[in-house]
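Subject: A structure for you to look at

Hi there,

I am passing a structure on to you, with some notes to read beside it. Please have a look at it first and then read on.

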Amino acid sequence: MSDLELLTQSLARSVKHWRAVRGFTLDVLAARAGVSRGMLIQIEQARTNPSLGTVVKIGDALGVSITTLLDHEQGPRVRIVPAEQAVRLWHTEAGSYNRLLAGTEAPGPLEMWDWRLMPGESSPSDPHPAGTMELLHVTAGELTLTVDGVKHRVPAGASVSFEANLPHMYGNTGDVPMEMMMAVSVPPVT
């Protein structure tokens, strides 16, 4: 199978998949993307090779990247992220850090994080879009979670969920390192 055939079939699968995830009919997606219903039918049946501009419009309308639309993996998708490929986005000289362990789009962005805060350190976060949820599970120490100015103590072994559309901060006011796992779910583009 040629690269072009592989991409055409991948695009067909992806557009069908993401249209179903978003709950869009062909007519709704056509209107949102500014692409004809007939073109979408041809794309979903792998009968055409649309222009890059058309693919960009469809991706924008679905709220997914071009990379996601053109991913040519076959069958159920399993993505293993080796430990050395986790992305460290923040750290301090004292040893605090966060690492993005994995992420996906289902139906909106979903991320899994590994955090460590050394005693006396904290990390503030601006409000996320409305509908964003965070789930935290403390594995060591104690987290002081501040949401909209209110402090909540979360000991090791406990979990917490909260709407993250307000200012919030993760802190360690204890004497030992605090470690937690965090999942962040951002609502899909509507």
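Where is the place of Asp-148? Asp-148 sits in the loop between β6 (142–147) and β7 (150–155). Helices and strands here are DSSP runs numbered from the N terminus, a helix (H or I) having at least four residues and a strand (E) at least two. More on that residue below, after some background.

This is a predicted model, in which local features need pLDDT of at least 70 and side-chain atom pairs count only at pLDDT 80 or more, while totals for chains, interfaces and linings use all residues. Residues are numbered from 1 along each chain as its sequence is written, and side-chain values use heavy atoms, with hydrogens and water left out.

The whole chain

The protein chain has five helices and 10 strands. Its C-alpha atoms fill a box of roughly 65 × 35 × 25 Å along the principal axes. The radius of gyration of the protein chain is 21 Å, whereas a compact globule of 190 residues would have one near 16 Å. That radius is taken over C-alpha atoms, and the globule rule is 2.2 Å times the number of residues to the power 0.38.

Of the 190 residues, 34% count as buried; buried means under 20% relative accessible area, exposed over 50%, and partly exposed in between (1.4 Å probe, protein chains only). The accessible surface of the protein chain comes to about 10600 Å², and 56% of this belongs to carbon and sulfur atoms. Such areas come from the Shrake-Rupley method with a 1.4 Å probe; for residues, only the protein chains shown count as cover.

Now for contacts, meaning heavy atoms within 4.5 Å. Among those in the protein chain between residues at least 6 apart in sequence, 62% join residues at least 24 apart.

The chain carries 15 positive and 20 negative charges, and their mean positions are 8 Å apart. Lys and Arg count as positive and Asp and Glu as negative, without His and the chain ends; the place of a charge is NZ of Lys, CZ of Arg, CG of Asp or CD of Glu.

UniProt, in an unreviewed entry, places the feature "domain: HTH cro/C1-type" at residues 15–69. UniProt positions follow the numbering used here, feature names are shortened, and annotations may be inferred rather than shown by experiment. Over residues 15–69 the chain is 71% helix and 0% strand, and the end C-alpha atoms are 7 Å apart.

Helix α3 covers residues 37–44, and Glu-44 belongs to it. Is Glu-44 buried or exposed? Glu-44 counts as buried because its relative accessibility is 8%. Leaving aside residues up to four places away in sequence, Glu-44 touches Ala-12, Val-15, Lys-16, Arg-19 and Leu-26.

Arg-37 is in helix α3 too, but it is partly exposed, at 41% relative accessibility. With the residues up to four places away in sequence not counted, Arg-37 touches Leu-26, Asp-27 and Ala-30. From Arg-37 to Leu-26 it is 11 residues in sequence and 6.1 Å in space, C-alpha to C-alpha.

Two positive phi values

Most residues other than glycine have a negative phi. Ala-46, which is not a glycine, has a positive phi near 55°. Ala-46 lies in the loop between α3 and α4 (52–62) and is partly exposed, with a relative accessible area of 30%. Back to Asp-148: this residue has a positive phi of about 55° although it is not a glycine, and it counts as partly exposed at 48% relative accessibility.

Two distances to look at

Ala-94 is in the loop between β1 (87–91) and β2 (97–105), and with 45% relative accessibility it is partly exposed. Residues up to four places away in sequence aside, Ala-94 touches Met-118 and Glu-121. Ala-94 and Glu-121 are 27 residues apart in sequence, and their C-alpha atoms are 8.6 Å apart.

Ser-2 is in the segment before α1 (3–22). Between Ser-2 and Gly-157 there are 52 Å in space, C-alpha to C-alpha, and the two are 155 residues apart in sequence.

Enjoy exploring!

Best wishes
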